[in-house]
Amino acid sequence: MASSSLNRPDTAARKSEFRNRKPKPENQDDSELLTVPDGWKEPAFSKEDNPRGLLEESSFATLFPKYREAYLKECWPLVQKALNEHHVNATLDLIEGSMTVCTTKKTFDPYIIIRARDLIKLLARSVSFEQAIRILQDDIACDIIKIGSLVRNKERFVKRRQRLIGPKGSTLKVRKVVLDTMKNIHPIYNIKTLMIKRELAKDSELRSQSWERFLPQFKHKNLNKRKEPKKKTVKKEYTPFPPPQPESQIDKELASGEYFLKAHQKKRQKMEAVKAKQAEALSKRQEERNKAFIPPKEKQVVKSREASTETKIDVATIKEKVKKAKNKKLGALTAEEVKLKMEADEKKKKKK
């Protein structure tokens, strides 16, 4: 897995041995040579710079995956047309799955073969033709970064690679940002630093000064808590003396006196020990079997005194109820009602 990016080179990637250098003026200061004037551009390399051409033929080849075959077959005429302008031949071999570029006798630019090599590498790594063809320009350079071996854990690798992918599949265009991202440093920190540097470069007074006081200092913080082990091992106190050697079987026999016994005595002693273990096991089994025949303890029921007093019958109250029931006939008035009725009848008679 690799991440390809296009960016502007820091210095001109040309071979200046084919140019005529002007002698340095006597009164010129060295500090003036370190700064580039604003708006200056390197002149294009023409045939006049190298009229005799190249002495040897150079060629480069690269392989491409199977899924890129259809796209390369479709755009290959455009690739040949762009390289023919620089007198470079390009061949596409679909059987072997390779692309080859080589110089010709008419090639005058010695660095164009390097750019042609980068072009076929970008095309093999799923870069579109419209973006890859820009590598033939003088002010454009590319850098292919192999990130497959930077992170061992596959899940972490996928998460950190996702930070590099921008809108519509475009990737970040600075090598340091890509490498730091795979080291778990978020790209926003480096991008902010680059933005500050771009603003400082516009100031003519600050070009020759150190920019460290303006750049932000980001400290790496690991917020993930360390997982504690389930089984904590307690370290023993250090002692310079080695641990005592364990007793061997002979030492144990000497201590118990068994070492001096004869063979038939040792055999008899072992048989007795076996019989004792068997008898103990048999007694335990018998006890477990007898537990099933032992009746459980019954709980004694104690009658409470309160219940006995409540159940006593009140004879006097029952006799009074029976008398009242005898005196009271079905539908007859009570004694009080009879008295009231008699008083009411007497009052009526007096009125009359």
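Q: Let's start with H2 and H3. Which hand does their crossing have?
A: H2 and H3 cross in a right-handed way. Do keep in mind that this is a predicted model.

Q: Noted. At what angle do H2 and H3 pack, and how far apart are their axes?
A: The angle between helix H2, residues 69–84, and helix H3, residues 112–124, is about 165 degrees, and their axes are 12 Å apart. That makes the two helices, H2 and H3, roughly antiparallel, because an angle over 145 degrees counts that way.

Q: Which residues make the contact?
A: H2 contributes Leu72, Val79 and Leu83, while H3 contributes Ala116, Leu119 and Leu123.

Q: And what classes of residue are in that contact of H2 with H3?
A: There are six nonpolar residues, with no polar and no charged ones.

Q: Okay, on to H6. How does H6 pack with H7?
A: Helix H6 covers residues 175–182 and helix H7 covers residues 187–201; they pack at about 155 degrees, with axes 9 Å apart. H6 and H7 are therefore roughly antiparallel. Their crossing is right-handed.

Q: Who meets whom between H5 and H6?
A: From H5 you have Phe157, Arg160, Arg161, Arg163 and Leu164, and from H6 they meet Val177, Val178, Thr181 and Met182. By class, the contact of H5 with H6 comes to five nonpolar, one polar and three charged residues.

Q: Which residues of H6 are buried?
A: Val177, Val178, Asp180, Thr181 and Met182 are buried in H6.

Q: Let me zoom in on Thr181. What is its relative accessible area?
A: Thr181 has a relative accessible area of 0%, so Thr181 is buried. Thr181 sits in helix H6.

Q: And what does Thr181 touch?
A: Leaving aside residues up to four places away in sequence, Thr181 touches Arg160, Arg163, Leu164 and Pro187. Of these, Arg160, Arg163 and Leu164 belong to the H5 side of the contact with H6, and Pro187 belongs to the H7 side.

Q: Now the backbone. What is the phi of Asn184?
A: Asn184, which follows H6, has a positive phi, near 70 degrees.

Q: Where does His87 lie, and what is its phi?
A: His87 lies in the loop between H2 and strand S3, residues 88–93. Although His87 is not a glycine, its phi is positive at about 60 degrees. With a relative accessible area of 28%, His87 is partly exposed.

Q: How about Ser126, where is that one?
A: Ser126 is in the loop between H3 and helix H4, residues 129–132. Ser126 has a positive phi of about 65 degrees, and it is not a glycine either. Its relative accessibility is 39%, so Ser126 counts as partly exposed.

Q: How far is Lys105 from Glu56?
A: Lys105 and Glu56 are 49 residues apart in sequence, and their C-alpha atoms are 8.6 Å apart in space.

Q: Last topic, the overall picture. How many helices and strands are there?
A: The protein has twelve helices and five strands.

Q: What share of the residues is buried?
A: Of the 352 residues, 18% are buried.

Q: And what does the accessible surface come to?
A: The accessible surface is about 31300 Å², and carbon and sulfur atoms hold 53% of it.

Technical notes:
Residues are numbered from 1 along each chain as its sequence is written. This is a predicted model: local features need pLDDT of at least 70, side-chain atom pairs count only at pLDDT 80 or more; totals for chains, interfaces and linings use all residues. Side-chain values use heavy atoms; hydrogens and water are left out. Helices (H or I, at least four residues) and strands (E, at least two) are DSSP runs, numbered from the N terminus. Buried means under 20% relative accessible area, exposed over 50%, partly exposed in between (1.4 Å probe, protein chains only). Accessible areas come from the Shrake-Rupley method with a 1.4 Å probe; for residues, only the protein chains shown count as cover. Axes are lines fitted to C-alpha atoms, for helices over the stretch in contact, and angles run from 0 to 180 degrees between N-to-C directions. Angles under 35 degrees count as roughly parallel, over 145 as roughly antiparallel, 65 to 115 as roughly perpendicular and the rest as oblique. A crossing is left-handed if the near helix is turned anticlockwise from the far one by less than a right angle, and right-handed if clockwise. Contact means heavy atoms within 4.5 Å. Ala, Val, Leu, Ile, Met, Phe, Trp, Tyr, Cys and Pro count as nonpolar, Asp, Glu, Lys and Arg as charged, and the others, Gly among them, as polar.
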